[in-house]
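Colleague: Please take a close look at the aromatic rings in this model. I would like to hear how they pair and what sits over them.

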Amino acid sequence: MSAEFKTVWPDSLLSFCQKVFEKMGVPSQDAFLTSDVLVLADLRGIESHGVARLRRYYTGLKNGVMVPKPKIEVKLETPITARIDGGAALGQVAGAFGMKMAIEKALRNGIGFVSVGNSNHFGIAGYYGLMALKHDLIGISLTNSDCYTVPTFGKEVLLGTNPICVTVPALKERPFVLDLSTAVATLGKLEVYTRTGKKLPLGWATDEKGHACDDPQRVLNNIRNKAGGGLLPLGGEGELFGGHKGYGLNLLVDILSGVLSGSGYLNLLYPKTPEGKPLPSLVGHFFGALRIDYFRPAEDFKKDMDDVIRRLRNSAKAEGEDRIYVHGEKEYELEEKYRREGIPLYHKVYDDLKAIGDEVGVAFNL
């Protein structure tokens with residue numbers, strides 16, 4: 001392990017984060033849930049959405065734009081759908097509420113779809129899809145996010161990184177877990193590249209003129225100052241490699257998460273007062289759950305899923321390659337490794353966690 005990283009145990013890290021949230025007035029159960037989402041991101045190798053984000057939530061709670069004890073309300077409900085006002089809750093709290101409702105509806109009626117508005121950043125989309133897998137359901141989880149991404153042929157950031165997650169159970173094989181950003185990379189990835197002093201791969205982002213840029217700090221500064229340029233949609237610049245398709249998927253997530261829930265979308269997210277004070281973010285989510293046996297016998301379906309996975313895994317490899325992965329496999333294997341050996345935290349993240357602990361009076365002895 002490089003000296004730039006410090007190894008911490010998952011349970012200790014979760015306990016520390018939970019105590020920080022509790023110090024900020026978050027009820028114990030919600031504090032545990034939010035911390036669990038953050039630590040799971042690090043366990044699955046998605047460090048851009050892991051405990052490095054703790055300061056974001058700490059600051060949101062301190063500034064009053066995230067509500068520690070929210071009033072979450074069901075605004076409209078049918079046997080298979082619902083629309084929820086998240087009450088400016090921590091996104092993990094509002095998100096889990098929405099996904100649980102989708103799961104309950106699917107278990108009773110075969111399918112459940114729930115939109116959540118007036119929420120906040122909810123961490124990794126995969127967490128909520130994994131909730132559906134525990135009930136042997138197909139799960140869907142989407143969310144919009146702050147404006148970091150430019151539309152195809154544009155230079156103004158109007159779209160988020162807007163992830164899509166779909167989870168599908170198998171019988172003996174690991175489940176299919178698709179969890180991806182509809183931008184080439186996430187803002188968290190830019191932050192990781194900035195912290196580590198790395199150049200961006202060309203094709204990830206553009207500068208203020210809309211040209212390819214490999215300087216992560218420049219891109220971050222431009223995004224934060226609305227100076228032009230930003231992340232590119234999945235597929236990259238223009239249409240040659242399908243950037244317009246990523247743009248379409250990105251916009252679809254915004255429609256289902258923001259427009260359908262009656263919440264924020266595009267550059268209406270993360271509003272501010274005329275004096276520049278942050279207001280509640282108006283982030284929206286969309287959740288779905290489907291009972292397999294409402295389509296065909298679940299056992300037969302899962303056997304076929306095993307066959308799909310094995311056919312892919314056993315197919316011919318490109319020269320120099322020894323393995324074909326199915327979505328979710330890398331994350332499951334990394335989680336098993338980190339639960340055995342501990343999570344490597346970049347030293348700047350480690351130091352920031354300690355600083356937060358000092359600020360709120362929580363001992364950081366990891």
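Modeller: Here is the aromatic part, pair by pair. This is a predicted model, where local features need pLDDT of at least 70, side-chain atom pairs count only at pLDDT 80 or more, and totals for chains, interfaces and linings use all residues. Residues are numbered from 1 along each chain as its sequence is written, and side-chain values use heavy atoms, without hydrogens and water.

Rings of Phe, Tyr and Trp (its six-membered ring) pair if their centres lie within 6.5 Å; planes under 30 degrees apart are stacked, over 60 edge-to-face, the rest tilted. That rule gives 10 aromatic pairs. Phe-122 and Tyr-128 are stacked, because their ring centres are 4.5 Å apart and their planes at 25 degrees. Both Phe-122 and Tyr-128 are buried (under 20% relative accessible area, 1.4 Å probe, protein chains only). Tyr-193 and Trp-204 pair edge-to-face, with 5.2 Å between centres and 65 degrees between planes. This pair links distant parts of the chain, 11 residues apart. Tyr-193 lies in helix H6 (residues 187-196), and Trp-204 in the loop between H6 and helix H7 (216-224). Helices here are DSSP runs (H or I, at least four residues), numbered from the N terminus. Tyr-193 and Trp-204 are both buried.

Ring pairs also join Phe-122, Tyr-127, Tyr-128 and Phe-287 into a cluster.

Now the charges. A charge sits over a ring if NZ of Lys or CZ of Arg is within 6 Å of the ring centre and within 35 degrees of the ring normal. Lys-198 has its charged end over the ring of Tyr-193, 5.8 Å from the centre. Arg-44 places its charged end over the ring of Tyr-332, 4.6 Å from the centre.

Note on methods. Buried means under 20% relative accessible area, exposed over 50%, partly exposed in between (1.4 Å probe, protein chains only). Helices (H or I, at least four residues) and strands (E, at least two) are DSSP runs, numbered from the N terminus.
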